[in-house]
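Welcome! Let's take a friendly tour of a protein model, one topic at a time. Please have a look at the sequence and the structure first.

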Amino acid sequence: MARTGLVLWFEEADWRDKKLLGGKGASLAQMTQIGLPVPPGFIITTEACRKFYSSRKAEMDELERQLRGNPPPAVRDEIIKKIWALIDQCDLPAGLMEDVREHMQELERRTGKKFGAADGIPLLVSVRSGAALSMPGMMDTVLNLGLNDNSVQALAKATNNEWFAYDAYRRFIQMFARIVLALDEKPFNDAFDRKSEQFAREAETTYKDELDAIRKLYPEYTPRLDAQPPKDIAPRLWARSLELIKELVGEYKDLVRKMWGEFPQDPYVQLELAIRAVFRSWMNPRAIFYRIANNITPDMADCTAVNVVTMVFGNMGWDSGTGVYFTRDQSTGEDRPYGEFLPNAQGEDVVAGIRTPLGLDELKKRMPEVYNQLIEAGKKLEQVNKDVMDIEFTVERGKLYFLQNRPAKMTPLARVRSAVEMVKEGLLTKEEALLKVDPEQVRRLLYPTIDPKVKATPIAKGLPASPGAASGQVVFNPDDAVEWAKQGKKVILVRVETKPDDVHGFYAAQGVLTSRGGMTSHAAIVARAIGKPAVVGAEAIKIDYDSKTFTVNGVTVKEGDWVTIDGNSGSVYLGELPTVTPELGGWLDELLKWADEERRLGVRANADVPEDAMMARKFGAEGIGLLRIERMFRKPERLEALRRVILAADDKEREAHMKELADMIKPDFKEMLDIMDGKPVVIRLIDPPLHEFLPSSEELLAQIYDLREQREKAQASGDAAKVKELDQKIAELQGLYNRVKALQEANPMMGHRGVRVGVTYPVIYYYLTRAMAEAAAELIKEGKRPVLEIMVPQVSDVNEIRFVKNNAILPALSDVEKEYGVKLNVKIGTMIETVRAALTASEIAKEVDFFSFGTNDLTQATFSFSRDDVENKFMNQYLEKGILANDPFDTVDVKGVGRLVEIATKEGKEANPKLEVGVCGEHGGDPASINFFHGAGVDYVSASPFRVPVARLAAAQAAVKEKLGIRGAVGE
Ligand code: PEP
Ligand code: MG
């Protein structure tokens, strides 16, 4: 055999090598090798696909990069055309088709079937795509390959079922035309619909007696040309449908001839074209778009394999069928078989959600042995793969075949519950369970539901396909969803059913609503995969794409109207309903308890107000890592007081106002320290530039002009008292205006803020510290255990810390200790958020008890990127053009900012072994960044309350990965 090494039998391929075999190929090899019934076949590896593309790779990579920029549709279509023109110039690897031919001949020997011949039992194959990562519905597959004018007759003879043979041929031609020859599908669909309608009409009239007889036995039967009528009960109807299918085959061949050329009769020509088409589908726009949206990089999945599998038929009559089986409930995680079964149907029908399938319990009733075999195989596959599995199967005349297995896509709840239960069943270790759950999924568990207190009546009900509640304005097509979303609108994408081509609309929408399809329809799978709430199969909804409306029970909803969908219950509501966030369930608590046992990093929360603090405690925060006091100044009387501090003419006046302000905010500090009793609360001294607390100069000018106008009128009317009053007001405002102007800075972010305010006005830091210290002292006197830590922002030199410590913080603490007669034990720390602070950490560390990295400002300072502006200015372009791999404000920039974190942590701890090091920038809640911080030797991260559970899990994963020697996600 002239083997290229690019074609492997299911029996021989190493199923652990998903990158080479693709997920589907690996699963077929695995199932074959563990003894499950799999139709014989072989895999053309992803290496063959890479070779196929190799000659044009550079050009194609460039075009793919352009597509990443999400160009307008016209440009996008141009790029796609260019890609396809390049693909036409790609050649299959040398020797591949010879190798494939030899495998086909061996397959003929193994199965005793013949490929494309008029006699004997015909060998038909499916030619299936499959990349290393599951990309549901994104790439192409061709079924029934090998049928031609000869083999269709052989198939009819061999199966003794001419109807079945011609139906298979008809499906094949249509699929081949659409996928392999890339012809417009519409004329084929139109021809089918015409014939199917004709058949249904005749069935209800000419063959009414036979139709009634069928319905007695199979109540779900509806006369359609793609479902075989039972011949024994309805022989005339059966014969009529066969006639119509044969006519359709003729019409289809005519269409192909007109649009492309003679339909290829040589099965090897069919096979070669199909292999090319599957390779090509790796680069079809929806696959590219899916990879971009899901950040699938070449090291995760690079090209598709092609699986050539002997066909088995689920549409060989009512003792056949096809289905999907989840080894556990993929919505709740409950350990019970869940799935769908469609009798007398081919696989695509289930996934496309064309017909509403039956539950597995129905399969159990109809074919108990098949059912038992299925369940047993499910258990075995769970054991081998250590995961909940999603299994595709087909029953051909009572015999069960497995066509694919893969880890099930599950709701976050199901993911967590099944991981925990699998530990209890001994299937997983705790470490493995911790790695099973994506920390972002935990966040989704905290997704909002509709506030139960709201009494709203749903206008429709569908299947709860993907959890979470979402509101938005209705749009009916995915392009509109993208357009509207770009304008900042929230939209709900409403479709009859969705196709893989619609997926860009999913990303743009808040949620998805369909009127057709089941829990495994495309809409449901994709929505779950990307975590968008979805309600599918809301059949009462009648959608009219032309008028852009839907109607349900007498209500008409237009494009742009607001609706709310609840992906937890399947309900659809009119308008925008309020939502609430769910309680953490028992399973999540358990998983997070295990996470707490594993993690080394501490997890605190960024919380400024009591509600946040309570939420943080509930979610398991071990303290508050950052309390920004600025939120406390939002109350009008406090803002007024702060303004008086800022505008004070001299130190004496400033001190008086500051004292007053400190008394106002002390109760807030006390409340926060009390809520977190026994746990540290890091309170940061004032940080933003002072003028942020003053009215803007434009605002003041406008007020001054307004008053001047009033003054003129008053003068004209001779109202001297009013003139005097207005003059005084104008003078006051003018004074304020002058002060605001004087405080204005060209670069406020780099201006008079943070510790610089403490240096210029120590009295401000003194009284803020006093307020915190008094709050703690009062609590101590009440028998509580407040743990106060005071933090200084924006430090860049050790002398700044020394200065504010000696002139404000320490005097305030000792004054309070004396006055209250208590010992406070307050830690004093600094933010590390300037580059200089990071680089001089060894000096600073000697003056403080703790560091906390302000990675927001540190990122800003390291890149010289304005953190307030980049996202709306150039960041998208930087990402699209591949200049940066991630937005450094989302995931820590390991090479630059990360390096500073490492240096400062190491040198800081060397200089002061007791130094505690935290991170309180947004990165403290980002799983990939947390993985990095773990490795950098940080002691704790601090994240917004809702991210606390995410951080607990991510920190545990970092520790487990380190233990097991698995590399982390960032900085590889
Ligand atoms: C930071 O800079 O990372 C930080 C936590 O402080 P702020 O976001 O308040 O500037
Ligand atoms: Mg900062």
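Is Asp-857 buried or exposed? Asp-857 counts as buried, at 5% relative accessibility, where buried means under 20% relative accessible area, exposed means over 50% and partly exposed lies in between (1.4 Å probe, protein chains only). Before we go on, note that this is a predicted model, in which local features need pLDDT of at least 70, side-chain atom pairs count only at pLDDT 80 or more, and totals for chains, interfaces and linings use all residues. Residues are numbered from 1 along each chain as its sequence is written, chains are lettered from A and ligands numbered from 1 in the order in which they are written, and side-chain values use heavy atoms, with hydrogens and water left out.

- Glu-833 sits in the loop between β28 (827–832) and α31 (835–839), while Asp-857 belongs to helix α33 (residues 855–863), so the pair ties together parts that are 24 residues apart in sequence.
- Helices (H or I, at least four residues) and strands (E, at least two) are DSSP runs, numbered from the N terminus.
- Glu-833 is buried too, with a relative accessible area of 2%.

**Cysteines**

- How many disulfides are there? The count comes to zero, a disulfide being a pair of cysteine sulfur atoms within 2.5 Å.
- Take Cys-90: the closest cysteine sulfur to its own is in Cys-49, 9.4 Å away, which is too far for a bond.
- Cys-90 is buried at 0% relative accessibility, and Cys-920 is buried with a relative accessible area of 1%.

**Two crossing helices**

- Two packed helices are described by the angle and the distance between their axes.
- The axes of helix α3 (residues 57–68) and helix α12 (residues 285–293) come within 10 Å and cross at roughly 65°.
- That makes α3 and α12 roughly perpendicular to each other, since angles of 65 to 115 degrees count as roughly perpendicular, under 35 as roughly parallel, over 145 as roughly antiparallel and the rest as oblique.
- Glu-64, Leu-67 and Arg-68 of α3 make the contact with Ile-288, Arg-291 and Ile-292 of α12, contact meaning heavy atoms within 4.5 Å.

**Two strand residues**

- Met-389 is found in strand β9 (residues 389–396) and is buried, with a relative accessible area of 1%.
- Met-389 and Arg-406 are 17 residues apart in sequence, yet their C-alpha atoms are 5.5 Å apart in space.
- Leaving aside neighbours within four places in sequence, Met-389 contacts several residues, including Tyr-325, Leu-381 and Pro-407.
- Thr-556 lies in strand β20 (residues 555–558) and is partly exposed, at 45% relative accessibility.

**An enclosed helix**

- Why is helix α37 (residues 927–936) described as largely enclosed by the rest of the structure? Nine of its ten residues are buried, among them Pro-927, Phe-932 and His-934.
- The buried residues of α37 pack against α18 (439–445), α33, α36 (894–911), β30 (916–919), β31 (940–943) and α38 (948–964).
- Just after α37 comes Gly-937, with a positive phi of about 90°.

How values were computed: Axes are lines fitted to C-alpha atoms, for helices over the stretch in contact, and angles run from 0 to 180 degrees between N-to-C directions.
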